[in-house]
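Have a look at the model first, then read through the points in order.

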Amino acid sequence: MHNNPEKEKQLAAKEAVTLLKDGQIVGLGTGSTIFFAIEEIGTLVKNGLQIKGVATSDASYQQAIALGIPMLNINDVTRIDITIDGTDEFDDNLQLIKGGGGALFKEKIVASMSREKIIIADASKKVNALGKFKVPIEVVPFAVNYVRQQLKKLNGNGEVRMKDGQTFVTEQGNYIIDGDFGPINEPIILSRHLNEIEGILVHGLFVNMADSVIMGVHDTTVTFT
Ligand code: 5RP
C-alpha cells in the first residue's frame, strides 16, 4: 500500500482538532499539515465551537481570519491552552526538527507558552535519527558568517537559505541558516550548544516540547506519547 502524504496529513489534522474544547486559546502552527487543521477548526467554529486562536505566521493568521476563527495577539494572552503544529522530522523520543517553512521563531514562542503541544505529521516525518532534514537556524543577518564558523566547530555545515534566487527573509527580518550536522544522536546536547551561540535567535531543534505526535499512516492515525 502506497503512502498518500496529503491524506495522512488530513487524517492527523482531523484527529488533533477533536482534542479542542470550548473556551480554549489555541496555538495554530504553520505549514501544509496545519493548513488542514485550520480548515477543520474553521468548520468547528462555524458549528459553534468557541475557541480563540494565536497564529505562528502571517499565512496561518490570514487563513484563520478568512475562516472566521477569532484571533488574538500573542501579547494579549498570558497562556495558550493547546497548540497544534506540524514538524519536519520526529524521532522515537518525540524530539523534533521544525522550521522548514521558516516560521520557527513564532512556533517556538507559541509552543513555549502552551500547556499542551500536539504535533501532527504524515508518515514520512518519522525518523530513526534526526538530521536528514537540515536544522533551520534563524540568524540576525549581521552574525551570519560568525554563526557559520561556530557551526563548523560543532561539525556542522550551514548554508544560508535562498528562495527564488534571493536570500530568504523571516517575518522577523532575519536569515535562515540550514545546518547539516549528519545524524543527530544527541539532540538535547546539540540544542544546548546552539542556544549558546550569539547571533542565533532560535533554532529548529524542538527538544522535550511535544506532548504527543499524531501521525497519519495510510488510512488511519497512530498517536505517539
Ligand atoms: C514551519 C514548520 C512546519 O511545521 C514544518 O515545516 C512542517 O511543514 P509541513 O506541514 O508543510 O510539512 O516548522 O516552520
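1. Strands β4, β5 and β13 make an open sheet of three, in the order β4-β5-β13 and with antiparallel pairing. At its edges are β4 (89-90) and β13 (205-206), which each pair on one side only. Strands here are DSSP runs of E with at least two residues, helices are runs of H or I with at least four, and both are numbered from the N terminus. Two strands count as paired if DSSP finds at least two bridges between them.

2. Before going further, a word on what you're looking at. This is a predicted model, where local features need pLDDT of at least 70 and side-chain atom pairs count only at pLDDT 80 or more, while totals for chains, interfaces and linings use all residues. Residues are numbered from 1 along each chain as its sequence is written.

3. How confident is the predictor? The protein chain averages a pLDDT of 98, and 100% of the residues score at least 70; pLDDT is the predictor's confidence in each residue, from 0 to 100. For the complex, the ipTM is 0.98 and the pTM is 0.97.

4. β5 (residues 96-97) joins β13 through two bridges, in the antiparallel sense. You can find Leu96 opposite Phe206 of β13.

5. There's also an open sheet of four strands, antiparallel in its pairing, with the order β8-β11-β7-β12. β8 (157-160) and β12 (200-203) are at the edges with a single partner strand each, so one side of each has no neighbour in the sheet. From one strand to the next, the twist averages 30°.

6. Zoom in on one pair of that sheet: β8 and β11 (residues 175-180) run antiparallel and are joined by four bridges. Val160 has Ile177 in β11 as its bridge partner.

7. Which helix lies across β7 and β12? That's α4, running at about 70° to β12. Contact here means C-beta atoms, placed from the backbone, within 7 Å. The angle, on a scale from 0 to 180 degrees, is between N-to-C directions of axes fitted to C-alpha atoms, for helices over the stretch in contact.

8. Parallel pairing turns up too. β1 (residues 25-28) pairs with β3 (residues 80-85) in the parallel sense over three bridges, and Gly27 has Thr83 as its partner in β3. β3 also runs parallel to β6 (residues 114-122), with five bridges between them; there, Ile84 stands opposite Ile118.

9. Now the ligand. Of the 17 residues around it, Gly31, Thr33, Gly86, Gly100 and Gly101 come nearest. The elements giving two or more residues to this shell are α2 (32-46) and α4 (104-112). A residue is near when its C-beta atom, placed from the backbone, lies within 6 Å. The shell holds two nonpolar, 11 polar and four charged residues, with Asp, Glu, Lys and Arg counted as charged, Ala, Val, Leu, Ile, Met, Phe, Trp, Tyr, Cys and Pro as nonpolar, and the others, Gly among them, as polar.

10. Finally, the overall picture: the protein chain has six helices and 15 strands. Its C-alpha trace spans about 55 × 45 × 35 Å along the principal axes.

Terms used
Two residues are in contact if their C-beta atoms, placed from the backbone, lie within 7 Å.
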